[in-house]
Amino acid sequence: MGNNLIKVGYIGLQRQNGKLLLNVPLYIKVGELNANGLTDNQTEIIDHVAEIMNCCYERQLQEYFASLKDKPDS
């Protein structure tokens with residue numbers, strides 16, 4: 001099983017002279033990546049968020065089209 005690193009964010013580190021070193025990439029070590037370059041956990045989270053967003057957009061579109069039907073013709 002190979003080890004892979006995935007960037008999860010950026011942090012700031014304090015140097016010995018007290019100044020900050022900003023935008024230092026923060027990585028975590030993960031086991032295996034899928035063919036898409038993500039872990040199983042990341043794929044699950046992305047799928048879940050996409051499902052939620054799809055529901056929101058579907059509802060917004062339905063409301064928009066309903067509002068068009070309610071408008072009187074000009």
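**Labels and their grounds**

Strand β1 is the place of I11, in a model that is predicted.

Q: Why is I11 called partly exposed?
A: The relative accessibility of I11 is 31%, and the term partly exposed covers what lies between the limit of under 20% for buried and that of over 50% for exposed; I11 therefore counts as partly exposed.

Q: What makes V8, I11, L13, L21, L26 and I28 a nonpolar surface patch?
A: Patch residues must have over 30% relative accessible area and no salt bridge, and nonpolar side chains are joined within 5 Å. V8, I11, L13, L21, L26 and I28 make such a patch, of about 440 Å², and β1 and β2 each supply at least two of the patch residues.

Q: Where is T39 found, and why does T39 count as buried?
A: T39 is found in the loop between β2 (20-30) and α1 (40-70). Its relative accessibility is 11%, and buried means under 20%, so T39 counts as buried.

Q: What is T39 in contact with, leaving aside its neighbours within four places in sequence?
A: With heavy atoms within 4.5 Å taken as the criterion, T39 is in contact with I6, V30, E32, L33 and N34. One of these, I6, is 33 residues apart from T39 along the chain, and the C-alpha atoms of the two are separated by 9.3 Å.

Q: How does the radius of gyration of the chain stand against that of a compact globule of 74 residues?
A: The chain has 22 Å, whereas a compact globule of 74 residues would have a radius of gyration near 11 Å. The C-alpha trace spans about 70 × 40 × 15 Å along its principal axes, and of the 74 residues 5% count as buried, a term that means under 20% relative accessible area.

Q: What is the secondary structure of the chain, and in what order do the elements run?
A: The secondary structure comes to one helix and two strands, and from the N terminus on the elements run β-β-α.

Q: How confident is the predictor in the chain, and where is confidence lowest and highest?
A: On a scale from 0 to 100, the chain averages a pLDDT of 83, with 95% of the residues scoring at least 70. Confidence is lowest in strand β1 (residues 4-14), at a mean of 84, and highest in α1, at 86.

Technical notes. Residues numbered from 1 in each chain as written. Predicted model: local features only at pLDDT ≥ 70, side-chain atom pairs only at ≥ 80, totals over all residues. Heavy atoms only, no water. Helix = DSSP H or I, 4+ residues; strand = E, 2+ residues; numbered from the N terminus. Buried < 20%, exposed > 50% of the residue type's maximum accessible area, 1.4 Å probe, protein only. Patch = residues over 30% accessible without salt bridge, like charges linked within 9 Å, V, L, I, M, F, W, Y side chains within 5 Å. Areas by Shrake-Rupley, 256 points an atom, 1.4 Å probe, with all protein chains shown as cover. Salt bridge = Lys/Arg side-chain N within 4 Å of Asp/Glu carboxyl O. Rg over C-alpha atoms; globule rule 2.2 N^0.38 Å.
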